[in-house]
Every structure is written in C-alpha cells, then in structure tokens.
Amino acid sequence: MVKETNTLIGTITVVEYDKNIGTMEIGYAIGRPWWHQGYTSEAFSRVITYLFEHYPWLNRIEASHDVNNPNSGKVMQKCGPQFEGILRQKGKNNCGIVDIAMYAILRKDYLSQNNP
C-alpha cells in the first residue's frame, strides 16, 4: 500500500509452507503502474526478515517466477535469494505452460548477510 494515497498496489504472501522441512514459499504481484519503483523489493526484503525473525523453525524461503518475467528474478536476487535453476514446464499462467526459475535463501545465508 502506498501510504500517501492509501492505495493498494499489490500483494505478497506465504503461498505454501512445510514445517517438517522448514520451508516457506513466497508469492507476490504488483500492478503495472508501480513496476520498477522499488516497492516489490522493499516488501519482499521485509517479509524475508520478518519470517526468519519470527519463525525459528524456518530454514528456507523460496520464490519462483516465469522465465519470461526476468524483472521478477531481479527482485529476488536483490533481496538475497539465490538462483537455483529452471524447472521446465513447471508453471501455468495466462500464457500457458511455462518454465519457472527457482530462487531460495537459507537461514544461514540470511544470517551471514545481516550479521557480517
């Protein structure tokens, strides 16, 4: 939400989690008028911090994107998750069946980045 205008511009949420292996998957979407303004990176960074600080069992946060949307991957890289690979024909969206790029950050990576 943009505070100045009280406008909802997108969403970010835990879309899946598995406490047995300490993993959460994050999904986000933002309206086109707000692309490339840093909102998604700010939100994703804060969600990563919140989750690692409030869920001691959490070991891994992952996110993925359609390979045809490389800007989403830039957000992930900027926020700490590392590229892990391409999952061929793993996703489906309004373009049909698509390849998915997978990113993840481990707790140990987060701690080393935030406690040098």
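**Close-up 1. Arg-60 and its salt-bridge partners.** In this predicted model, Arg-60 is buried, with a relative accessible area of 18%. For the salt bridge of Glu-84 with Arg-60, the corresponding distance is 2.6 Å. Glu-84 belongs to strand β4 and Arg-60 to strand β3, so this pair ties together parts that are 24 residues apart in sequence. Glu-84 itself counts as partly exposed, at 45% relative accessibility.

Close-up 2. An α-helix has 3.6 residues a turn, so residues three or four places apart point the same way. Arg-46 is exposed, at 59% relative accessible area, while Glu-42 counts as partly exposed, at 41%. The salt bridges of the model come to three.

**Close-up 3. The largest nonpolar core.** Take a look inside: this core has 16 residues, and among those with the most contacts inside it are Phe-44, Phe-52 and Leu-58. Two or more residues come from each of β2 (23–30), α1 (39–54), β3 (60–66), α2 (70–79) and β5 (96–106). Helix α1 gives the most, with four residues. Phe-52 touches several residues beyond its neighbours up to four places away in sequence, including Leu-58, Ile-61, Ile-105 and Tyr-110.

**Close-up 4. Aromatic rings of Tyr-28 and Phe-44.** These two rings form a tilted aromatic pair, 5.5 Å centre to centre with 55° between the planes. The pair links distant parts of the chain, with Tyr-28 in strand β2 and Phe-44 in helix α1, 16 residues apart. Phe-44 counts as buried, at 0% relative accessibility, whereas Tyr-28 counts as partly exposed, at 21%. Elsewhere, Tyr-17, Tyr-55 and Trp-57 form one aromatic cluster.

**Close-up 5. The buried face of helix α3.** The buried residues of this helix are Arg-107, Asp-109 and Tyr-110. Seen down the axis of α3, they fall within an arc of 160°, so they line one face of the helix. They pack against α1, β4 (82–93) and β5.

Methods: Residues numbered from 1 in each chain as written. Predicted model: local features only at pLDDT ≥ 70, side-chain atom pairs only at ≥ 80, totals over all residues. Heavy atoms only, no water. Core = buried A, V, L, I, M, F, W, Y, C linked by side-chain atoms within 4.5 Å. Buried < 20%, exposed > 50% of the residue type's maximum accessible area, 1.4 Å probe, protein only. Contact = heavy atoms within 4.5 Å. Arc of directions from axis to C-beta. Phe/Tyr/Trp six-rings, centres within 6.5 Å; stacked < 30°, edge-to-face > 60°. Salt bridge = Lys/Arg side-chain N within 4 Å of Asp/Glu carboxyl O.
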